[in-house]
Each structure stands twice: as C-alpha cells, then as structure tokens.
Amino acid sequence: MKPIAKVYTAILFLFLFAPIVIMLVFSFNSGNSLSVLSGFSTYWYKELFHDANTLGALRNTLILALCAAILSTIMGTAAAVGMNKLRSKYMKAAMNTVTNLPMVNPEIITGISLMLMFVFAGRLMGMATSLNFGTILIAHITFCLPYVILQVLPKLRQMDKALPEAAMDLGCTPFRAFLKVELPEILPGVLTGMIMAFTLSLDDFVISYFTSGNGFETLPIRIYNMTKKTVTPKMYALATIIFFVILLLLLITNLMDDDAVRERKAQRRGAKSKAAQASGKKHKPLSDRGRKVLAGSVLGVAAVLILVVSVAGGSDTLELNVYNWGEYISDGSDGSLDTVKAFESWYEETYGEKVHVNYTTYASNEDMYAKLKSGAVSYDVIIPSDYMIARLANEDMLLPLNFDNIPNYQYIEDQFRGLYYDPDDTYSIPYTYGVVGVIYDANQVDEADAGGWDLMWNPKYKGKILQFNNSRDAFGTAMYRAGIDVNTTDKSQWEAALQALLEQRPLVKAYVMDEIYNALESGEAAIGAYYAGDYFTMLDAQADDVDLQFYYPDPTNYFIDAMCIPSCCENKELAEVFINFMLSQETAVANAEYIYYASPNSLVYNDETYQEDMGEEAMEILYPEGVNFSEEYNKLAYRNLDDEMLSYMNSLWENLKIN
C-alpha cells in the first residue's frame, strides 16, 4: 500500500501546485500570451511597477486586508474568550451555530444581503451614498470573524484553567490575568487566526464586489474587470509576488508555533510559578513576542481609526465618480495617456480647483444597472450601451445634458445623432461604436468556408467553434443567420432561433465571453464571433502558429456605447466638464487607440497620427467605406425588450444550456 499512497500523494501535490508553477513560469513570459511561452523575460515585472492603477488596487487590498485582520482578530479573540466561559451547553451550541453560519453561507448571499442592509441603513440616515470604505471593511470583518474564533477557541480549551484562576487568587484583575497568563497561552491561535483573516480578505471578490463604494477598487475586482480587454502576464507577476509573500508568512507562523510549543512545555512545568509572576513585579509574564503583537495590534487599531476618519472626513477637493466598463479608457499603461490624471491636472490648471476622480468599473450593462437601481452608490458619469440607455431613460434614471457645458459635442458626426435609444439627443453623447464580426484562424479554417454566419454551424470544424455566453448575442447570431428580426416579439421565431442553437450545440467547443481571447490567441479554438475592436487586441497576442483573420457577416449587430449622467449625480456641471474633456482631440484619440473601438468623434477619424498608428487594416475594419452607419444601426441594433420577452428569452437560453 505504501507505493500507492506515495503515488496518490504525488498526484495530489501535482494537482495543488501545478497551476502555481504554471503561473510562476508565465510571469516570466517575454510575450503577452497566457498560454504560449515565447521566451524568458522580466518585462512584466517591470510593467507591473509602472502600472499605477494596479498598484493602487494592490494598496487598497492590503490596507483593507490588514484592517480587517487586526479588527477581526481583536473582536474574534474577545468573542472566543466569552464563548469559552459560557456555562450552558445549549448556549454554547447556539453560539457555535451562529459562528459557523457566515462560513457555510454562499458568498453571493452574504454579499447581496450586506449590500441591502447598508443601503437600508444609509437611506435611514439620509446618506446619498451608502457604500464606502467603512461598508467593505465591515463586510470583511463579518466573514473573517468565524475563522479567528475557530482558531482561538481550541487554544482556550487546551489551556489549564487553573492558571488564570491562580493569577486572580494572587491579586490580578480578570483583564490583567488575561493579558499576562491567558494571552501568551493562546497566542499561536490568535496569530494563526490573524493570518487566516488577512489571506481571506486579500483574496475575496464576491462580497467585495457587492459592498465596495466609489474610488475603492480591490485587486480581485480590478482583475475581474480587466477581462473586458484581456489579462496580461503582468497579473501573473503580481500573483507570483503575493504567493511568495504569503508563503513567507506561513513559514514564519510555523516557526513561531514551534517556539510556542517549547514555551508552553516550559510554562506547564512551572505553572504555579507563572501564576505568582502574574501578580508580582519581578519577571515579565508576557513574552517579548507577545508584547510586540499586542503593541502592533493597538497601533493597527489606531491606524484603522485614522484611516476611517480620513476616508470619511471632508475635503476641499471636488469629487467626481465615473463608472465605466473595465479596460475601456486609456489608463497610462504601455505609454498611453492616463485620462483620469490628465483630467485632474487640466481641471486644476483651468479652474484653479483640485478635483479627484473616483474611477470604478463594471463588467456588464446589467451589473451597472443593478448597482444604480439599488441606490447603494451615486455616480456622476456612466458609459452604458444603447439598449441600456433606452431602459435607463424610460425609468427616469438619467439627467438631461446641458450642451452649453459640452461644446465639443459639435465634433460628433451627424450619423450618430438622433438614434432610437435617444432620439432627441437629450441624455447621451456617443463614446464608441462597433460591429460584431467573426474571427477565425486561417491556419485551421479553409478560406472558402469564411464569409457568413454559416461558418459557425459548419460541421467540418466541430469542437473548434466558440459561441457567445450571453443570451442576446448568441440568439442574435442564429437570428441574423436565419434573417429573423432580432427584436421580434413573435415567440415562434425565438423558438426557431433556439432550434438553430440546439443544432449548433454539438459543434461548440465552449460558450465564452472574454475567455475567447486566450482560446483564439493560442489556437485552442479556430472560430468565434466577437466585437471588431477586440480582434486587434487578439492580434497583438496571437501565437506564432496562429493567423487570425476577421470579417463581417451580413447581416450583423451594430452597437453604440455613450456617456450619460445618472439621476443620482451629485455634481452635474463637473460631470459635463468631464464629458467635454473626453471629447477633446488628445483625449479622444488616446482612448480610441487604447481600446481599439471605432470613434464617432470626427477629431479622431480625421487625425493623421491616429490613422498611421492604427494602420490600414484597422481603419478599413473599424470604419468600412460605403456603410451608412445610422441606416444599418436602426435596422440591426438590439432594442430593449420588455420584461415578458426578456424573461421568455432567458428561459429559452436556460433550455439551451441544460441540453
């Protein structure tokens, strides 16, 4: 049995640590692919330390994790001491059950319920914004507390109960007896609980996503939102650094545990002497390590209080809250313009006042809508898609724009005005636009097969086709292929589209969204429908043996994303100044070059430097000649379906995924 046990152990360790090894290796990849190793380089580590936004998110994450760990350790230790002293076994069982609830409860339930509680409390107190640093800190303390309690309780139960009693018999107060007798005994559990709380807080995404407010983006949220474009090996470099820091912490903890075991053995041999020391003046009853931990905890609490006060305190600096798609603005990486910092500097130079932009991101229109609808956070500028703008306007969730504050609106071309989602151009200013096309690997796909939607239903490429993992776009591919109106309310036509998707199902390798990047870049898949601008992002990262090509099937989807001001805006004039800045030539060109989407701004399209930087192929694909955008858009764009049709479409989608 021993050889089998060794093989099993080896397989187990391989399963656990192989992903970490792969991450470490690819952090030194000279290319920007996450699946194809091009060579060894420290380039991504250098890039990491020049990425102010990622380092800012890391700073926020470390501050949050440290605050949550310190406070949950203090509160959890106190709770464990109280639970250990309970006399009633029923009360103990009840407290244990309550303690375990946050651990067994799904994180998404915890996150949503905490968000609703914070919104309810915020409205009771008349607060315009319910979510902030304080709410995310409370949320992290909530799920960290049980882990601290479960680490400290066993240490309390192992401890000789006579020690604190003897100390109090000899004149110690209960608190003094705890500090000088109990705390040294349970210190290993306290430290282990603190480290667990720190790592859990550092890693959390779901609860943070629902309870974070403006301007406080944690690293997991940033990485999640980066998938709008693609995650580069820069994140692998950061994860590698974090892994080794955590590994170092664990090694230190294990060494401290060994020291603590030796100390406890020595202490138990002289328990009576220890109790006498607790009330006497001759010896230090708390070890140097214990005193340092205690002092560090006190300083940590002080730091937390100072931080909370500084975050909550007032300031003469103006605040602007911008809510945008992830990776949808030039952020200073790769030598690009840092739009947010540029606006802050420009505003101070122009108006003589300081402004701070709280820039946060979302992953989908629906995520953005849910956050706005909840009233949890107020935003000044949002950039939703066309159909969502129509929905927000219908529900009175947008403010009309004052175009006197947005003179650069004159550069928006006429064909992008007066479209269905905002027919009177009251609420929105177009930011980018695009068309859905088909991306394929010319090394795996015959050129004769390309050119229409049929390529995605071609049985020759079974297991190499990627389909959209959202109902609207997936049904859209089937409906465009069959010549069905994508906004029809005829349920029989939706059922016909479902049947086409069911026929395609055996051919599909996977239903994806941003996972399409790695799959096509590495050659794991050969065909997928996606947005034109993202094709050029894939070109930059494709493997040497991959030859990605692009075409527009006819008909296909046209879409627009536009800048709007939500009704929860607290500084409308400043928001309009920001929108106007986004339309200025330097900023608009920088954003268009960074995100690769087409711009409705004539200052961009007519800029010679922009045309040269993008290249002939990109200009031909993004700005196809002879296409009347407004005419095609009005025929082919998605409209906002009513609740009944949305529900019906989603039920059909569920049937497809189940089958």
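Modeller: Contact means heavy atoms within 4.5 Å. Helices (H or I, at least four residues) and strands (E, at least two) are DSSP runs, numbered from the N terminus. This is a predicted model, in which local features need pLDDT of at least 70 and side-chain atom pairs count only at pLDDT 80 or more, whereas totals for chains, interfaces and linings use all residues. Residues are numbered from 1 along each chain as its sequence is written, and side-chain values use heavy atoms, without hydrogens and water.

Colleague: Against which elements do the buried residues of α20 pack?

Modeller: They pack against β4 (428-441), α19 (516-522), β7 (527-531), β8 (548-551), α22 (585-595) and α25. Buried means under 20% relative accessible area, exposed over 50%, and partly exposed in between (1.4 Å probe, protein chains only). Helix α20 (residues 532-541) is largely enclosed by the rest of the structure, because eight of its 10 residues are buried. Among them are Tyr535, Phe536 and Met538, together with the polar residues Asp534 and Thr537.

Colleague: Which residues form the nonpolar patch on the surface?

Modeller: Patches join residues with over 30% relative accessible area and no salt bridge, within 9 Å for like charges and within 5 Å for nonpolar side chains (Val, Leu, Ile, Met, Phe, Trp, Tyr). A salt bridge is a side-chain nitrogen of Lys or Arg within 4 Å of a carboxyl oxygen of Asp or Glu. Areas come from the Shrake-Rupley method with a 1.4 Å probe, and for residues only the protein chains shown count as cover. Here Tyr8, Leu12, Phe13, Phe15, Leu16, Phe17, Val21, Val25 and Leu37 form the patch, with about 920 Å² of accessible area together. Leu37 lies in the loop between α1 (2-26) and α2 (43-48) and, at 48% relative accessibility, is partly exposed.

Colleague: Which residues gather in the patch of negative charge?

Modeller: Asp and Glu count as negative, Lys and Arg as positive; His and the chain ends are not counted. The place of a charge is NZ of Lys, CZ of Arg, CG of Asp or CD of Glu. The patch gathers Glu616, Glu617, Glu620 and Glu625 on the surface. Glu617 belongs to helix α25 (residues 616-622) and is partly exposed at 39% relative accessibility.

Colleague: Where is Asp425 found?

Modeller: Most residues other than glycine have a negative phi, and most peptide bonds are trans. Asp425, in the loop between α16 and β4, has a positive phi near 50° and is buried at 18%. Asp396 lies in the loop between α16 (386-394) and β4; its phi is near 55°, and Asp396 is exposed at 63%. A cis peptide bond, with omega about 0°, joins Asp554 and Pro555.
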